[in-house]
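Take a look at the chain below.

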Amino acid sequence: MDYKDYICKDQDGNLLISFDDRSEDILSGDPLFTHCLAVVKVGDEYLLGRNKWRNRYEIFGGCAEKGETARECIVRECNEELGFDISDITYLGAMKILLKPDYFSKEERIELGGLYGVCLPEMSIESLYDMIKDKDEITQIALYNKIKGKEPIALIDEALLEYYK
């Protein structure tokens with residue numbers, strides 16, 4: 001697949017092709033729907049987690065389970081990763097991504113994902129990290145402005161921060 005126009009290309013060659021405002025219901029029913037991500041803010045700052053396997057900071061989220069809607073997926077993922085039962089989640093839109101072969105598939109493929117915005121109460125990084133349940137995957141957390149230019153950050157995830165002001 002050859003895409004000349006795209007929003008962002010990451011370190012692995014994956015492309016954020018587009019971002020649109022299709023509804024959650026339409027996204028959830030699309031056969032290409034596979035995952036959801038959450039741009040998390042603490043006050044006015046973005047919160048990122050360091051992924052153990054990819055060794056870089058990312059936004060939070062994960063794969064949808066069979067039969068799960070986009071909203072059900074992101075609520076579960078926020079609970080699993082952040083340790084919060086979050087009901088106040090803002091749907092931002094749908095991401096279309098070209099993924100290179102990886103752990104999940106040996107094939108290059110197009111996937112759709114839901115992007116959400118979440119605001120957490122202001123608290124220290126230490127307190128937030130204590131709440132995280134999945135410390136096997138998320139080894140550290142940090143505020144974006146503290147690590148930008150100093151730590152590896154997933155480039156597509158960094159671009160997605162712009163969609164939640």
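**A walk through the model**

At 40% relative accessibility, cysteine 63 counts as partly exposed. The scale runs like this: buried means under 20% relative accessible area, exposed over 50%, and partly exposed in between (1.4 Å probe, protein chains only).

This is a predicted model, where local features need pLDDT of at least 70, side-chain atom pairs count only at pLDDT 80 or more, and totals for chains, interfaces and linings use all residues. Residues are numbered from 1 along each chain as its sequence is written, and side-chain values use heavy atoms, with hydrogens and water left out.

Start with confidence. pLDDT is the predictor's confidence in each residue, from 0 to 100. The chain's mean pLDDT is 93, and 99% of its residues reach 70 or more. Helices (H or I, at least four residues) and strands (E, at least two) are DSSP runs, numbered from the N terminus.

Now go inside. A nonpolar core is a set of buried Ala, Val, Leu, Ile, Met, Phe, Trp, Tyr and Cys residues joined through side-chain atoms within 4.5 Å. The largest one has 27 residues, and Val40, Leu47, Ile86, Val118 and Leu120 touch the most other members. Strands E3, E7, E8 and E9 and helix H2 each give it two or more residues. Another core, of 21 residues, lies apart from it and includes Leu16 and Ala159.

Helix H4 holds isoleucine 147. Is this residue buried or exposed? Isoleucine 147 is buried, because its relative accessibility is 6%. Leaving out residues up to four places away in sequence, isoleucine 147 touches Leu48, Tyr57, Ala142 and Ile153; contact means heavy atoms within 4.5 Å. Isoleucine 147 and tyrosine 57 are 90 residues apart in sequence, yet 9.0 Å apart in space, C-alpha to C-alpha.

Next, the largest pocket. It holds about 1,100 Å³ of space. Its lining has 38 residues, and Cys63 is one of those that lie nearest its centre, with Asn51, Arg54, Glu58 and Phe104.

Finish with the cysteines. A disulfide is a pair of cysteine sulfur atoms within 2.5 Å. The structure holds zero disulfides. For cysteine 8, the nearest cysteine sulfur is that of cysteine 36, 19 Å away.

Methods
1 Å grid on protein atoms, 1.4 Å probe; cavity = no way out; pocket = protein on both sides within 12 Å on 5 of 7 lines; lining within 4 Å. Points joined across faces, edges and corners; volume = space filled by probe spheres on them.
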